[in-house]
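Work through the exercises below with the structure in view. Each task is followed by its solution.

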Amino acid sequence: MKSEQMRSNKAVVKVMQAKAAESSIAPLVEEIIGALGEDPKRESLVRTPDRVDKAMKFLTSGYRMDIDKILNGALYEVKYDEMVVVKDIEFFSMCEHHMLPFFGKVHVAYLPKERVIGLSKIPRIVDMFARRLQIQERMTQEIAQTIQQVVDPVGVGVICEARHFCMMMRGVEKQHSGAMTSAMLGAFRDRKETRDEFLALVNHRSE
Ligand SMILES: [Zn+2]
C-alpha cells in the first residue's frame, strides 16, 4: 500500500516536471520586468524573457536528472576500505526563499564497504541537487543520502561551504559571510576518528 502510494506520488511529480519543462516562463518574466517599473519592450530587454527562461531551465535542470542515468552503471566491486575524498567540488544553486544564487564548494567523502562509485559521478550528483530551488542544509543532506543509498558504504560525509547572494546583496556588512553545513552518516557520525580524518583531508591545502 505504502509503496504503491509512493509510486503514484512519483508519477505525479514526473508529470508536473514534464509540464514544467514544456511551458515557458517568458511571459511571466515580461510581467515581472513591467512590475519592476521597466519597459519590457525596450530594445535590449525584448529578448530578456526568453533568455531568462533558458537560464532558469538550466539552473533547475536538477529536477529532471535521473540518478540511474547519472550513474550509468559506474559502480565497481573492489576490496578497498580506505576513505575516498572528492573535495572542492564547485556548485551553483538558488535559494528557494529569494530565488537568488548561492554558491561555493562541496567536499564529499565515503568509506567503501564492497564497492566504489566512479569519481566523476560525485560532482554530477552534486549538480543534480544544486540545480534546483534549494536550501543549503537540505542540499547537503540530499547529496549524502543519495551516495549512501547508491554506494551503500560504511559511511558518508558531506561538507558544504557557501555564500548566499540574498545575504551578500541585501546587507552592507554581510558581503563576506559564508555558511557551512555538514551531513555525517554511518561511520562519519559514529566514529570521531573517521570524522577527524575527513576534516583533516578537507582542510589540507596543497601548495
Ligand atoms: Zn535566500
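**Exercise 1.** List the residues that Val 106 touches, leaving out those up to four places away in sequence.

Solution. Contact means heavy atoms within 4.5 Å. The model is predicted: local features need pLDDT of at least 70 and side-chain atom pairs 80 or more, while totals for chains, interfaces and linings use all residues. Residues are numbered from 1 along each chain as its sequence is written, and side-chain values use heavy atoms, without hydrogens and water.

**Exercise 2.** Find which residues of the largest nonpolar core touch the most other members.

Solution. A nonpolar core is a set of buried (under 20% relative accessible area, 1.4 Å probe, protein chains only) Ala, Val, Leu, Ile, Met, Phe, Trp, Tyr and Cys residues joined through side-chain atoms within 4.5 Å. The largest has 32 residues, and Phe 91, Val 106, Val 108, Tyr 110, Met 139 and Ile 143 touch the most other members. A second, separate core of nine residues includes Ala 109, Ile 159, Phe 188 and Phe 198.

**Exercise 3.** Identify the residues that coordinate the zinc ion.

Solution. Donors are N, O and S atoms within 2.8 Å of the metal (3.2 Å for Na, K and Ca); water is not among the atoms, so sites may look incomplete. Cys 95 (SG), His 98 (ND1) and Cys 166 (SG) coordinate the zinc ion at 2.2 to 2.3 Å. Their spacing in sequence is C-x2-H-x67-C. Cys 166 is buried, at 9% relative accessible area.

Terms used
Buried < 20%, exposed > 50% of the residue type's maximum accessible area, 1.4 Å probe, protein only.
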